[in-house]
Structures are given as structure tokens and as C-alpha cells.
Amino acid sequence: MTSQRTRDRLITRLQERGIKSLEVLSVIREMPRHLFVDEALASRAYEDTALPIGHSQTISQPYIVAKMTEILLADSQRANVLEVGTGSGYQTAVLSKLVERVFSVERIAPLQNQARERFYQLKLNNIKLKHSDGSWGWEWYAPYDGIIVTCAPEQVPLELLKQLAPGGRMVIPVGSNKGQSLRVIDRVGDTFEETELDPVSFVPLLSGQI
Ligand code: SAH
């Protein structure tokens, strides 16, 4: 169920859905997604679907991870990337293979601890984690060439815009339970250019930490 053939089928599916970056496809092919979910769900880990990870949260669908990563990294090298919403750590792990350093913030401590354990097992050494409300970003390491948000705020948090480097790009789902869309925000000097992409369905960005 977690064999290379099952993984290859996922890659074919991502290509059929329009993912073109060979780099991104190759990292997803190699990444053991079954280690990022509960053992009971491991047999479904290479389906193109979101799965529960406890605490009412989900590991993102592989297509969405591929799409957001592809958009984030298109047109430019990105040395340091901030992620809001570590969750299982799957998106974080994919990014860690493609950029120099990933900084990831999560508000639910047990999820963060599990993710940390997985990064250790997989020897992913370029990831730094912080337990906090990611609406405030992570100022210490700012500015970031890339910011990726894996939970949906109703509006783009101002602090995240401030922590985006000139020339940097943010990929973020925005909206409420009535509807969300994926947005790409490019910082050009001190102005922000926003593009609205497809409708998406993410868990909400919540304030505070637990
Ligand atoms: N990329 C993750 C997605 C997990 S779901 C994965 O593929 O597993 C989104 C995550 O965002 C959840 O773990 C949730 O706890 C977290 N989250 C929600 N609001 C947040 C906030 N304000 N700050 C940090 N993390 C937040």
C-alpha cells in the first residue's frame, strides 16, 4: 500500500491535474507521506486526499501541497521560507528539500511535537519550529523570500505582509467557511500585487495557541 508503485500513481495523478515542476514531483515521489499520518491511515497515504491528523486538523491533499509549492518557488530562488500551520509537517518536509531553510509555526503543541519527531527520523535538518500563533509570523528570522500559509484567515494578516521580503512571494488561502480562494501575493518594493486563484478548502486560521 505504501509501495513505489502506489506512490508513482499519485505522481501520475498530480501531472494529470496540471503539476509541471519536475523538482516538486520528484520530491513528492520520494517523500514517505505514510509517516505523516496515523498508522491506521497509512494505507490511504498516497491517495490524493486530505486525511485527519487529530485535533480537528488535516494533512493537506497532495495536489494542494504540490500546487502551492510550485507557485511559491516559480520564477525565483527562495532561500528562507516561513510556513504558518505545521500540522503533520508534510508540507514543511516537502519544502525542506527545495529551499535552504524552512521556519514553521504551529499553534497546537502536540502536533508540533509529532512533526518534530518525524523531521528527526527523516534527518531533515534545515527546519526550525515555533509554537505560537502564526498570525504574527516569526519576526526574528524575517524577512522571508517565501511565506506559505496552510490554514485560512478571513483576511491576510498584516504582520505576514510586513515579514515578506521585497521580491518575495506569499501563497495563502483566504476566506471563511462560506468560501475560500487561494491568493498569491508578490511584494514589489513596498507594494503588494495580489492574484486570486482557484477556490480551496482549508481549516481556518485560529488565534491563540494550545
Ligand atoms: N501543512 C499541514 C496542514 C495542516 S492543517 C499538513 O499538511 O499537515 C493547518 C494547520 O494550521 C493545523 O495544524 C492548525 O493547527 C494550524 N493553525 C491554525 N491556525 C494557526 C495559527 N494561527 N498559527 C499557527 N498554526 C495555525
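The protein chain has six helices and nine strands, both taken as DSSP runs numbered from the N terminus (helices H or I, at least four residues; strands E, at least two). This is a predicted model, in which local features need pLDDT of at least 70 and side-chain atom pairs count only at pLDDT 80 or more, while totals for chains, interfaces and linings use all residues. Residues are numbered from 1 along each chain as its sequence is written, and side-chain values use heavy atoms, with hydrogens and water left out.

Of the 210 residues of the protein chain, 54% count as buried, that is, under 20% relative accessible area with a 1.4 Å probe and protein chains only. A nonpolar core is here a set of buried Ala, Val, Leu, Ile, Met, Phe, Trp, Tyr and Cys residues joined through side-chain atoms within 4.5 Å.

| Core | Residues | Members include |
|---|---|---|
| Largest | 47 residues | Leu14, Ile28, Tyr90, Val94, Phe119 |
| Second, separate | 17 residues | Val149, Leu161, Ile172, Leu205 |

The residues listed for the largest core are those with the most contacts inside it. Elements that each supply at least two residues of this core include α1 (4-16), α2 (22-30), β1 (51-54) and β8 (179-188). Its largest share, eight residues, comes from α3. Isoleucine 28 touches Leu10, Ile11, Leu14, Pro62, Ala66, Tyr90 and Val94, leaving aside residues up to four places away in sequence; contact means heavy atoms within 4.5 Å.

Among contacts between residues at least 6 apart in sequence, 54% join residues at least 24 apart. Along its principal axes, the C-alpha trace spans about 50 × 35 × 35 Å.

Technical notes:
Buried means under 20% relative accessible area, exposed over 50%, partly exposed in between (1.4 Å probe, protein chains only).
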